[in-house]
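Please open the model in a viewer and keep the selection panel at hand.

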Amino acid sequence: MSCLLGATCSDGWVRHTTSCFRVIYKPTLKWVDARRVCQDLAADLPIIRSVTENNFIFNLITKQERVTHHGTWLGLYRKADTKFYWIDDTPLGGQYSAWGSEEPNSYLEKCAHVYATGPTPGKWNDISCSTNIPVVLCQKAIS
């Protein structure tokens, strides 16, 4: 196991605890496309396990040159059992979440994002996976 004490992130990436994050602006990206952008960088969409991580991600996406209402995609999606899971197959149930009021609210909305602006900034929302959200946030572990 490598020592993380002196570990840093590559240029263009920002460190938070044991992960590196990178914000990328690409017009009209569906959830699957955003995930592919991250995977091409040996990363994936973000997994949020605590209020501290949620606040870090919110602050990171709102300090960018381009901030959109829909914020960014999360690595959170609804499986056939209608429950939400993180992309590492961890079920969301019983774990930290930051859903907006009355969210998630539709079994037809199978992906999740975090709002950057509007009445519920920093809160999560379920939404159609084919919605275009042009801000991609990628996360990878520090090795």
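**An aromatic cluster and its strands**

Select Tyr-96, which is partly exposed, with a relative accessible area of 23%; buried denotes under 20% relative accessible area, exposed over 50%, and partly exposed the range in between, with a 1.4 Å probe and protein chains only. The model is predicted: local features need pLDDT of at least 70, side-chain atom pairs count only at pLDDT 80 or more, and totals for chains, interfaces and linings use all residues. Residues are numbered from 1 along each chain as its sequence is written, and side-chain values use heavy atoms, with hydrogens and water left out.

Next, select Trp-124, which is buried, with a relative accessible area of 0%. The ring centres of Tyr-96 and Trp-124 lie 5.9 Å apart with their planes at 85°, so this pair is edge-to-face. Rings of Phe, Tyr and Trp (its six-membered ring) pair if their centres lie within 6.5 Å; planes under 30 degrees apart count as stacked, over 60 as edge-to-face, and the rest as tilted.

The structure holds 6 aromatic pairs. Trp-86 belongs to strand 4 (residues 84-86) and Trp-124 to strand 6, so that the pair links parts of the chain 38 residues apart. Strands (E, at least two residues) are DSSP runs, numbered from the N terminus. Both Trp-86 and Trp-124 are buried. To display the cluster linked by ring pairs, select Phe-84, Trp-86, Tyr-96, Trp-99 and Trp-124 together.

Now move to strand 5 (residues 111-114). Which way do its side chains point? Cys-111 and His-113 point one way, Ala-112 and Val-114 the other way, and all are buried. In a regular strand the side chains alternate between the two faces of the sheet.

Show strand 6 (residues 124-127) beside strand 5: the two run antiparallel and are joined by 4 bridges. Two strands pair if DSSP finds at least two bridges between them. Ala-112 stands opposite Asp-126 in strand 6. Strand 3 (residues 72-78) also runs antiparallel to strand 5, with 3 bridges, and Thr-72 has Val-114 as its bridge partner.

Finally, select Lys-79 and Tyr-85: the charged end of Lys-79 sits over the ring of Tyr-85, 4.4 Å from its centre. A charge sits over a ring if NZ of Lys or CZ of Arg is within 6 Å of the ring centre and within 35 degrees of the ring normal. The charged end of Lys-140 likewise sits over the ring of Trp-13, 4.3 Å from its centre.
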